[in-house]
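We'll go from stop to stop, selecting as we go.

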Amino acid sequence: MEMSESLLVFSLSIVVVAVVSLLTNLSVLLCFTQSAELRTHVPGIFTLNLSFSNILLTLINMPATFLGVATGAKPFGDSFCQAVSFAETFLTTNAMLSMAALSMDRWIAVVFPLSYSSKMRYRDALLIVAYSWLQALTFSLTQLLMDWGGYSHTYASCTVHLDAGERSQFAAYATFTALFHCSSFALSLLVLCFAYLKVLRVARSHCKRIDVITVQTLLLLVDIHPSVKERCLAEQKKRRQRATKKICIFIGSFILCFSPYVITRLLELVPSVHIPRYWGIATKCLSYGKTSSDPFVYCLLRHQYRKVLVSIISRFMRKDHYALSIHSTSSTLDTTDDTCVARVT
């Protein structure tokens with residue numbers, strides 16, 4: 001069967017997202033293995049949980065969806081497709097709750113800086129991760145026991161799905177779907193908005209205090225050059241914009257990647273609504289995109305991770321340079337020996 005241009009674009013986008021997701025999330029894990037400082041940070045537990053979920057989603061679910069898009073048919077047998085669907089429900093829920101946990105950790109660190117070490121300990125972080133796993137496992141097992149996992153032609157993937165012959169279970173399936181998305185997507189979004197907007201409020205308050213001190217200092221310095229004053233005021237504005245931009249990225253990326261898919265899954269519960277296949281696949285691909293953006297949003301753009309990555313790359317480059325120099329020296333010695341032998345003979 002010939003693949004249309006749209007399906008080809010979807011297939012290529014899945015491949016690109018999978019490659020970027022695998023490389024970036026593995027880079028995060030590499031940073032943790034190489035940095036004792038990162039391993040001592042409590043939010044590192046949430047970051048590791050998120051990265052492992054993204055890696056498994058990339059290795060298990062994205063190839064299945066790629067095959068579904070490329071072939072236009074169920075890529076595996078029923079049992080394997082149910083297992084893939086189970087993994088999707090578990091890993092997606094776990095990833096969303098990990099993002100919510102990271103936002104709560106940031107809120108506690110910014111709003112309660114002096115008592116952060118007592119409010120967010122390793123034990124507390126492990127309990128939050130355990131709750132995340134428990135909630136994800138509850139919905140995954142329910143889906144598996146009720147036989148609601150299978151191949152969906154609309155999304156070209158093995159996911160939560162009710163076959164046409166099981167319409168007698170529609171009420172229970174609709175309730176499960178609504179509860180699942182409310183307790184994962186809606187709950188996580190609520191926590192993200194609450195935590196990061198509180199963080200933004202505190203950040204702006206700190207910026208205002210710094211602005212007042214800066215302005216008072218500039219007024220006292222009568223002889224200061226006007227360009228210096230302008231530079232200070234411009235830096236104040238950049239500081240305020242930087243805080244707002246970060247919060248918008250945290251919340252905006254979550255909404256942009258997940259909300260189209262979640263809204264589509266809820267709309268398809270209405271009997272009169274028909275979801276076009278291209279739209280279903282597009283929302284699925286968009287939700288996969290979050291796995292490749294998470295390492296940048298939460299880790300790789302931060303100074304600590306960049307420093308560790310630069311250190312790893314530098315060590316790798318030095319090893320390569322050392323091996324190359326040894327090989328070059330060895331080749332030179334061999335050439336010299338050959339020349340000496342030739343002269344003797």
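## First stop: the second largest cavity

Helices H3 and H9 each put at least two residues into the lining of the second largest cavity. Helices here are DSSP runs of H or I with at least four residues, strands are runs of E with at least two, and both are numbered from the N terminus. A cavity is a set of points on a 1 Å grid over the protein atoms alone where a 1.4 Å probe fits but cannot get out; a pocket is an open set with protein on both sides within 12 Å along at least five of seven lines; and lining residues have an atom within 4 Å of a point.

This is a predicted model, in which local features need pLDDT of at least 70, side-chain atom pairs count only at pLDDT 80 or more, and totals for chains, interfaces and linings use all residues. Residues are numbered from 1 along each chain as its sequence is written, and side-chain values use heavy atoms, with hydrogens and water left out.

Now select Asn25, Thr47, Leu50, Ser51, Asn54, Asp294, Pro295 and Cys299, which line this second largest cavity. H3 gives the largest share of that lining, four residues. The space inside is about 30 Å³, where a volume is the space filled by probe spheres set on grid points joined across faces, edges and corners. By class, the lining has three nonpolar, four polar and one charged residues. For these classes, Ala, Val, Leu, Ile, Met, Phe, Trp, Tyr, Cys and Pro count as nonpolar, Asp, Glu, Lys and Arg as charged, and the others, Gly among them, as polar.

## Along H3

Stay with H3 and select residues 43–71. H3 has 29 residues and spans 41 Å from first C-alpha to last, close to the 42 Å expected at 1.5 Å a residue (the expected span is 1.5 Å times one less than the number of residues). Where does H3 bend? Centre on Thr58: the bend there is about 35 degrees, taken as the angle between axes fitted to the seven residues ending at a residue and the seven starting there.

## The largest cavity

How many cavities of 30 Å³ or more does a search of the whole structure find? It finds two. The largest cavity holds about 280 Å³ of space. Its lining takes two or more residues from each of H3, H4, S2, H7, H8 and H9. Select Glu88, Thr92, Met96, Phe258 and Tyr261, which lie nearest the centre among the 26 lining residues. H4 gives the most to this lining, seven residues. Colour the lining by class and you get twelve nonpolar, nine polar and five charged residues.

Next, the largest pocket, with a volume of about 770 Å³. Its lining has 24 residues, and Arg106, Lys246, Phe250, Val297 and Arg302 are the closest to its centre. H3, H4 (78–111), H7 (170–220), H8 (226–267) and H9 (277–300) each supply at least two of the lining residues, and H8 has the largest share, eight. The lining divides into 16 nonpolar, one polar and seven charged residues.

Then move to the second largest pocket, at about 350 Å³. Select Thr154, His161, Leu162, Arg167 and Glu268, the nearest to its centre of 17 lining residues. Here the classes come out as nine nonpolar, five polar and three charged.

## The hairpin

Select S1 (residues 149–152) and S2 (residues 157–160): these strands run antiparallel, joined by four bridges. Strands count as paired if DSSP finds at least two bridges between them. Gly149 stands opposite Val160 in S2, and Ser152 has Ser157 as its bridge partner. S1 and S2 make a hairpin with four residues between them, and Ala156 in that turn has a positive phi of about 55 degrees.

## Last stop: Arg201

Go back to H7 and pick Arg201. Is Arg201 buried or exposed? Arg201 counts as exposed because its relative accessibility is 62%; exposed means over 50%, buried under 20% and partly exposed in between, with a 1.4 Å probe and protein chains only.

Finally, zoom out. The chain has ten helices and two strands, and 41% of its 345 residues are buried.
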